[in-house]
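Dear colleague,

My notes on what was found in it follow directly after.

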Amino acid sequence: MHNMSDIIEQYLKQLLEEAQGDVVEIKRAHIAEKFDCVPSQLNYVIKTRFTNEHGYAIESKRGGGGYIRISKVETNNQSAFIRHLIDLTGDQISQANAFRIVDGLFQNDLITDREKKMIVQTLHRDTLQIEIPYRDIIRANILKRILAVIHYS
């Protein structure tokens with residue numbers, strides 16, 4: 001059985017698939033009521049599973065007429081998506097953000113599950129056993145090299 005976060009994620013992805021223009025606008029309270037959960041659980045799903053690294057843009061407005069707008073970043077153009085991920089990587093990147101980028105590559109069918117596992121192990125703090133910020137700088141350099149290989153393959 002899936003946990004509530006998985007169920008909400010699948011529901012939102014289904015809404016995106018059915019939406020015209022790869023944009024869906026939802027009301028936090030409506031989704032929380034539909035799944036009988038607290039709005040903060042929806043916030044958690046959006047903050048962890050619908051990130052830039054996963055290929056999504058989020059816009060939100062709080063208050064009575066508030067909404068959350070989820071947009072799918074154009075990943076049909078592989079070259080633009082990879083450049084976007086390289087820009088997100090920057091000069092240094094945390095392990096968590098690097099793993100989100102790798103997961104985004106996998107979710108968008110740019111790498112296999114085996115490749116994902118190898119990249120994650122390469123970028124892991126146990127592999128890069130040096131002090132921060134040097135570890136995050138080296139991680140960013142490795143990730144950008146991997147992205148370049150994917151981009152030009």
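**The loop between α6 and α7**

Pro133 lies in the loop between α6 and α7; helices here are DSSP runs of H or I with at least four residues, strands are runs of E with at least two, and both are numbered from the N terminus. A cis peptide bond, with omega of about 10°, joins Ile132 and Pro133. Please note that this is a predicted model, in which local features need pLDDT of at least 70 and side-chain atom pairs count only at pLDDT 80 or more, while totals for chains, interfaces and linings use all residues. Residues are numbered from 1 along each chain as its sequence is written, and side-chain values use heavy atoms, with hydrogens and water left out.

His124 belongs to the loop between α6 (113–123) and α7 as well. His124 has a relative accessible area of 19% and is therefore buried (buried means under 20% relative accessible area, exposed over 50%, and partly exposed in between, with a 1.4 Å probe and protein chains only). Apart from neighbours within four places in sequence, His124 is in contact with Gln95, Phe99 and Arg139, where contact means heavy atoms within 4.5 Å.

**Overall organisation**

The chain contains seven helices and three strands. Read from the N terminus, the order of elements is α-β-α-α-β-β-α-α-α-α. The C-alpha trace spans about 45 × 35 × 30 Å along its principal axes. Of the 153 residues in the chain, 40% are buried. Among contacts with a separation of 6 or more, 61% come from residues 24 or more positions apart.

**The packing of α4 and α7**

How are α4 and α7 oriented towards each other? Helix α4 (residues 78–89) and helix α7 (residues 134–152) pack at an angle of about 175°, and their axes are 10 Å apart. Axes are lines fitted to C-alpha atoms, for helices over the stretch in contact, and angles run from 0 to 180 degrees between N-to-C directions. That angle makes α4 roughly antiparallel to α7 (under 35 degrees counts as roughly parallel, over 145 as roughly antiparallel, 65 to 115 as roughly perpendicular and the rest as oblique). On the α4 side the contact is made by Gln78, Ser79, Ile82, Arg83, Leu85, Ile86 and Thr89, and on the α7 side by Ala140, Leu143, Lys144, Leu147, Ile150 and His151. These residues divide into seven nonpolar, four polar and two charged; Ala, Val, Leu, Ile, Met, Phe, Trp, Tyr, Cys and Pro count as nonpolar, Asp, Glu, Lys and Arg as charged, and the others, Gly among them, as polar.

Thr89, which is found in α4, counts as buried at 1% relative accessibility. Not counting residues up to four places away in sequence, Thr89 touches Ile101, Ala140, Leu143, Lys144 and Leu147.

**Aromatic rings and charges**

A search of the whole structure gives two aromatic pairs; rings of Phe, Tyr and Trp (its six-membered ring) pair if their centres lie within 6.5 Å, and planes under 30 degrees apart count as stacked, over 60 as edge-to-face and the rest as tilted. One of them is formed by Tyr11 and Phe35, whose ring centres are 5.2 Å apart with planes at 70°, so the pair is edge-to-face. Because Tyr11 lies in α1 (residues 4–18) and Phe35 in the loop between α2 (28–34) and α3 (39–49), the pair ties together parts that are 24 residues apart in sequence. Both Tyr11 and Phe35 are buried.

The charged end of Lys34 sits over the ring of Phe35, 5.9 Å from its centre. Likewise, the charged end of Lys72 sits over the ring of Tyr56, 4.6 Å from its centre. A charge sits over a ring if NZ of Lys or CZ of Arg is within 6 Å of the ring centre and within 35 degrees of the ring normal.

**Two residues with positive phi**

Asp36, in the loop between α2 and α3, has a positive phi of about 50° although it is not a glycine. At 72% relative accessibility, Asp36 counts as exposed. Asp109, in the loop between α5 (95–107) and α6, is not a glycine either and has a positive phi of about 60°. Asp109 is exposed, with a relative accessible area of 69%.

With kind regards
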